[in-house]
Amino acid sequence: MTAAHRMTTGDLPAGLGSAVDDWADDLGRTTRSGKGMRSALFDAVYTTSGGTDEAVRAAAGQALELLHEAFLVHDDLADGDDQRRGQPNLQGRTTARATAGGIGTEAAGHLGQVGGLLGGDLLLVAAMADFARLPVPAPLLHRVLDEVQGAVVASIAGEYADVHGCVEREPADRERALAIGAAKTAAYSVCLPLVLGAMLGGAPDEVIPPLREAGRHLGTAYQVIDDVLGVFGDPAVTGKSNEGDLLRRAPTVLLAHAATTEAWPRIDAALGRPAADPATRNGHTPDPDTARELLRECGAREHAVGIAEDLITAARAALDSPAVPHDVRAALGPHLATALERTR
């Protein structure tokens with residue numbers, strides 16, 4: 001049973017009807033159990049910084065993963081996706097249940113959106129409650145909560161910038177695309193686990209700035225590779241469509257590079273204007289396959305991978321700071337080594 005499922009089944013008021021029970025079950029089914037990347041990053045720094053309290057380690061890891069799941073639910077809602085990892089997500093399951101129950105398409109879709117929005121809210125509240133209950137002294141807890149709040153604000157602002165970038169008439173340039181990735185992904189996915197691992201593990205304060213810098217570079221590299229997989233990845237492996245980011249015109253370094261090449265007018269035409277109906281932009285059906293091939297031909301994929309490689313190099317340089325203990329650096333090495341090898 002996932003943390004989300006334990007939380008919802010334990011706290012939901014009785015007598016609300018079977019639809020709420022089904023929604024809570026679906027929330028549990030669409031969240032992961034087990035150790036994820038964020039808790040693994042936290043563990044790597046916490047244990048090598050001298051942290052030994054198993055209760056702190058477990059609670060912080062669970063809170064980080066709940067925060068991640070909350071943002072995934074909201075991200076799918078913002079992108080209009082009804083699947084995640086090749087399976088129906090909370091929005092998709094809620095919509096499907098409503099449709100199977102005889103509810104009309106429009107109403108079922110609305111229920112799906114509301115189910116996703118409220119499910120993400122529930123996970124976010126649960127994550128914040130877990131952070132607030134960490135069994136540590138009050139002054140340290142206040143520092144932790146400040147870090148969590150900063151990461152949440154950055155991620156939410158980055159998500160809005162991402163969605164807004166999809167409807168702008170011109171694609172974001174490279175600097176803004178990277179800034180969006182750093183805000184919506186790196187801040188909570190990598191910087192936060194690394195910094196909390198150091199704080200809660202008892203590391204000296206001078207360790208935190210290089211860890212934060214390394215986390216920003218590593219997390220942004222993760223986002224760049226995710227953007228590459230979102231266009232060039234195999235859906236059977238990634239568990240998601242390789243057309244969604246193209247049809248949304250997501251503000252990635254792929255489109256930022258393409259917009260500087262002679263291929264851009266043809267790519268732009270294949271995708272259609274961002275303000276138009278996604279199904280029939282400029283009066284014709286968008287052609288993501290042609291856009292993908294043109295992106296490949298203009299070197300956008302190689303350009304993006306090169307940026308990710310540079311970001312990993314920058315992350316290694318940050319960890320080479322004399323303030324970072326050898327054991328911490330060694331524990332994070334495998335995460336840097338595999339960041340560019342992702343296939344999903």
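Predicted model: local features only at pLDDT ≥ 70, side-chain atom pairs only at ≥ 80, totals over all residues.
Start with α5 and α6. Helix α5 covers residues 90-100, and helix α6 covers residues 105-132. Their axes come within 7 Å and cross at roughly 145°. The crossing is right-handed. Who touches whom? On the α5 side we have L90, Q91, T94, T95, A98 and T99. On the α6 side, the partners include A108, L111, Q113 and the glycines G109, G112, G115, G116 and G119. By class, this contact has ten polar residues, four nonpolar and no charged ones.

Now α9, residues 208-232. It has 25 residues and reaches 36 Å from first C-alpha to last, close to the 36 Å expected. Is it enclosed or open? Of its 25 residues, 20 are buried, so α9 is largely enclosed by the rest of the structure.

First up, R212 with E147, closest N and O atoms 3.0 Å apart. R212 lies in α9 and E147 in α7, so the pair ties together parts 65 residues apart in sequence. R212 is partly exposed at 33%; E147 is buried at 17%.

Next, R342 with D226, at 3.4 Å. R342 sits in the segment after α16, D226 in α9, and 116 residues separate them. R342 is partly exposed at 22%, and D226 is partly exposed, with a relative accessible area of 22%.

Elsewhere, D76 pairs with R84 at 2.7 Å. D76 is buried at 4%, while R84 is partly exposed at 24%.

One network to look at: shared partners join D79, D162, K184, D245 and R248.

Notes:
Residues numbered from 1 in each chain as written. Heavy atoms only, no water. Axes fitted to C-alpha atoms, helices over the stretch in contact; angles between N-to-C directions. Helix = DSSP H or I, 4+ residues; strand = E, 2+ residues; numbered from the N terminus. Left-handed = near helix turned anticlockwise from the far one by under 90°. Contact = heavy atoms within 4.5 Å. Nonpolar A, V, L, I, M, F, W, Y, C, P; charged D, E, K, R; others polar. Expected span 1.5 Å × (residues − 1). Buried < 20%, exposed > 50% of the residue type's maximum accessible area, 1.4 Å probe, protein only. Salt bridge = Lys/Arg side-chain N within 4 Å of Asp/Glu carboxyl O.
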